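Please look at the sequence and the structure below. The questions that follow ask on what grounds each label is given.

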Amino acid sequence: MRYVGKKAIVFSMAITVTLLTIIGAVFVYLSREQEEEKILRFGMIAGSYWDVPTGSCYKVVDEAIRRFEEEHPGVRVEYDSGILKEDYPEWLSEQILLGKEPDVFMIPEGELEILVSLGALKDLGTLIKRDGSFDSDAYYEGAYMYGSIGDVQYALPYESVPTLMFVNKTLLQKEGISMPGADWTWEELLAICCKVTKDTDGDGVIDQFGCFDYGWREAVASNGALLFEKDGSAAYFTDPKVEAGVKFVRDLNRVNEGYGVTAREFDQGKVAFRPFAFSEYRTYKPYPWRIKKYSDFEWDCVKLPAGQGGQGQSRLETLLMGIGSRTRQEQMAWEFIKTLCYEVETQLHLLEASQGLPVVKEAVQSPLLSQVLGNDIPGNSDMDVEVIWQVMEEAVGAPNFRMYPAAMALADGEIGRIISGEMSVDSGLLKLQREMNGLLKQ
């Protein structure tokens, strides 16, 4: 009996060890599962989203991730590095097809509607409503609304780039012309261009010019024109505001008497005005670019001139971020996207390390903007930050419908023919409207 008892004890111990081993294995498995659930994947573009040189594309994101992980112990954010802007849409599409899309990711230009139609983006409405710390009024309206389709918010803005009018102050002073004011108009721009465009060396060839690179897109935006319904269901190229903008650009180009002004003339200080994206300003103002480009004249920036029907509004380009619809960590993804797109500390960091502007008003209106812009401005040139505040308040984002890039390519071609004189404004815009209606129905 003793022998049997010993066997029973040994058997019981073996069962206990086995059970403990199984329990341990299950515990390790569950721990690993839990650890996997605490990994957030982030999809981002390497380099500058604005197609200008940059050496610090990861600086803002890495710093935001560091703070986020400190505030959320046990959570790790991972991203694939080195995905260039031109490769990113294909990479993201492949990830979605494989069911491996990131929890939070950047949204390529013009692809918000496509991602929504694929069911790849989460509707942020519920997350926004239940988050008492989130206030959409903290954003500039043009940037925030760019992330919506209809009345549904699918993405948050991360950074934006408005267009400003840069002014060669040295050239205007030489001609005895005052700097334009905040409320200047098309008529003032045209009058100044007529006055400064001339042959300065008497060789019979115009060598000083009024404006370079001011196109129909800038004109119709500054005239308050609506080109499309936000969902792409209709186009309005025969609208009087559009017609007025096209006519104005045609008249402005005629001042040059057929001479094709280039960036070279502007860089040499021979052009009074040039629209510039804010990202280009951030890239070209520091050393060494300032030595090559702007060493011979002082310049400033103002709003775009207003047409009869507008307020000098600027077109606004915005980089969006969204949450994948299949994320298993919805709340954590929401907290992370807020860290990037809503947290003032991240948005302020953009001022120092990126070429775009923050989308949160508090960051743009901080003293840091003046400090950053004043660091390396060439000569005695300056930039009035209040101009930037006003431009961002009034700026209008482009629609996000699927056919928008193709529609604007069509418009560029047809309106280019109108401006060059191949057809009249009325008949040209009517033809464009018919073709646009056909395109939008595809």
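Q: Why is Arg41 called partly exposed, rather than buried or exposed?
A: The model is a predicted one, in which local features need pLDDT of at least 70 and side-chain atom pairs count only at pLDDT 80 or more, while totals for chains, interfaces and linings use all residues. Residues are numbered from 1 along each chain as its sequence is written, and side-chain values use heavy atoms, with hydrogens and water left out. Buried means under 20% relative accessible area, exposed over 50%, and partly exposed in between, with a 1.4 Å probe and protein chains only. Arg41 has a relative accessible area of 25%, and is therefore partly exposed.

Q: What makes the contact between Asp80 and Arg41 a salt bridge?
A: A salt bridge is a side-chain nitrogen of Lys or Arg within 4 Å of a carboxyl oxygen of Asp or Glu. The side chains of Asp80 and Arg41 meet at 3.8 Å, N to O, and the pair is accordingly a salt bridge. Because Asp80 lies in the loop between strand 2 and helix 3 and Arg41 in strand 1, the pair ties together parts that are 39 residues apart in sequence; helices (H or I, at least four residues) and strands (E, at least two) are DSSP runs, numbered from the N terminus. Asp80 counts as partly exposed, at 36% relative accessibility. The structure holds 24 salt bridges.

Q: Why is strand 1 described as largely enclosed by the rest of the structure?
A: Four of the five residues of strand 1 (residues 39–43) are buried, so the description follows from that count.

Q: How do you know that strand 1 and strand 2 pair, and in which sense?
A: Two strands pair if DSSP finds at least two bridges between them. Strand 1 and strand 2 (residues 76–79) are joined over four bridges in the parallel sense, with Ile39 standing opposite Arg76. Strand 1 is also joined to strand 3 (residues 104–107) by two bridges, again with the strands running parallel, and Val104 in strand 3 is the bridge partner of Phe42.

Q: What makes Arg66 and Glu70 a salt bridge, and where do they lie?
A: The N to O distance between their side chains is 2.8 Å, and the two meet in a salt bridge. Both Arg66 and Glu70 lie in helix 2 (residues 59–71), where they are four residues apart, about one turn of the helix. Arg66 is partly exposed, with a relative accessible area of 37%, whereas Glu70, at 55%, counts as exposed.

Q: How do you know that Arg67 and Glu345 form a salt bridge, and which parts does the pair tie together?
A: The closest N and O atoms of Arg67 and Glu345 are 3.5 Å apart, and the two form a salt bridge. Arg67 lies in helix 2 and Glu345 in helix 15 (residues 344–353), so the pair ties together parts that are 278 residues apart in sequence. Arg67 counts as buried at 6% relative accessibility, while Glu345, at 46%, counts as partly exposed. Both belong to a network of salt bridges that links Glu63, Arg66, Arg67, Glu70, Glu343 and Glu345.

Q: Why is strand 6 called largely enclosed by the rest of the structure?
A: In strand 6 (residues 155–168), 14 of the 14 residues are buried, and the strand is therefore largely enclosed.

Q: What makes the phi of Glu257 worth a remark, and is the residue buried or exposed?
A: Glu257 has a positive phi, near 55 degrees, in a residue other than glycine. Glu257 is found in the loop between helix 10 (240–254) and helix 11 (263–267), and at 65% relative accessibility the residue counts as exposed.
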